[in-house]
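Biologist: I am new to this structure and would like a close look at a single part. Please take me through it step by step.

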Amino acid sequence: MTKNTNAGFAGRGGHQEASGPGIESVELVVNRYGSVADQVHAALRQAIVEVRLAPGAPISENSICRQFSVSRTPVRAAIQRLSEEGLVDVYPQLGSFVAPIRLGEIQDSHFIRRSLEVALLREVAPKWTKEMSRTMRDVIAEQERVIAANDANGFFHADEAFHRLLGTFSGREGVWQAILAAKVTLSRFHRYWAKPERLPAVIEEHLAVVDALDQGDADAAERALVTHLDMVFVIYEQLPEEERKHLSI
């Protein structure tokens, strides 16, 4: 299991160089009856997505072996998988590093996510029920609670729970898994440049989707969802030039 060390909503400075805790902040209790490579991969991947391992952070085989008390073979396999997923850049003779957050990948990730979530919403709207509304509003209430508790990971997990419900209500959980895989770069971006003042607006955007569905207005619900998802580019445009230049093209 991994240990979350990102408790607050402190925004990053936008640096693509490694900053903050390194590999020593990632914990893993290895289950010797399971695949060690899979467990190391999962622990490192989660730390990268949650930016506990920031862009540019070194990924040292020796350090990981010491940290997790495992041999080099599963560590090397895990790093190779992360490289194939675009989360780690491997440079011969130099080493391996957490990949930068690339603007082109944000755009592609957003395109896939928006296309699929809008399609899910269109399927959910005709079958919308009061129970669905209550379930979504319960998740929004949880988001409000974790904001008050300054619980960053709790907020992001509740945010995913809100969007996942579109897959649940439409009976297409597999599509949500595809969205999760596609939005890794988006998740890294939102976490890396997290600003506490943005979070109440997220709540209002989620409420706008549910309110429109409650009113039977599928078109308004779709517009509200698209507006919400497109905010990633508003956030990008609002970044100071000094921070924006750290996004790799």
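Let us start with one side chain: is Arg122 buried or exposed? And which side chain does Arg122 meet in a salt bridge?

Modeller: A word first: this is a predicted model. Arg122 is exposed. Its relative accessible area is 52%, and the cut-off for exposed is over 50%.

Now the partner. The side chain of Arg122 meets that of Glu222 in a salt bridge. The N to O distance is 2.9 Å. Look at where the two residues sit. Arg122 belongs to helix 4, residues 103-124. Glu222 belongs to helix 10, residues 218-238. The pair therefore ties together parts that are 100 residues apart in sequence.

The side chain of Glu105 forms a salt bridge with that of Arg102, at 3.9 Å from N to O. Glu105 is partly exposed, because its relative accessible area is 28%.

Glu173 and Arg164 join their side chains in a salt bridge of 3.2 Å, N to O. Glu173 has a relative accessible area of 31%, so it counts as partly exposed. Arg164 is partly exposed too, at 35% relative accessibility. Salt bridges can also share partners: Glu61, Arg72 and Arg76 are joined into one network that way. Over the whole structure, the search finds 17 salt bridges.

Next, the strands. Strand 1 covers residues 88-91, and it pairs with strand 2 in the antiparallel sense. Four bridges link the two. Asp89 stands opposite Phe97, which is in strand 2. The hairpin has three residues between its strands. There, Gln93 takes a positive phi near 75 degrees.

Strand 2 itself runs over residues 95-98. Its two faces contrast. Ser96 and Val98 make up the covered face. Gly95 and Phe97 make up the uncovered one. In a regular strand, side chains alternate between the two faces of the sheet.

Gly56 lies 5.3 Å from Phe97 in space, C-alpha to C-alpha. In sequence, the two are 41 residues apart. Gly56 sits in the loop between helix 1 (36-49) and helix 2 (61-68). At 27% relative accessibility, Gly56 is partly exposed.

Conventions:
Residues are numbered from 1 along each chain as its sequence is written. This is a predicted model: local features need pLDDT of at least 70, side-chain atom pairs count only at pLDDT 80 or more; totals for chains, interfaces and linings use all residues. Side-chain values use heavy atoms; hydrogens and water are left out. A salt bridge is a side-chain nitrogen of Lys or Arg within 4 Å of a carboxyl oxygen of Asp or Glu. Buried means under 20% relative accessible area, exposed over 50%, partly exposed in between (1.4 Å probe, protein chains only). Two strands pair if DSSP finds at least two bridges between them.
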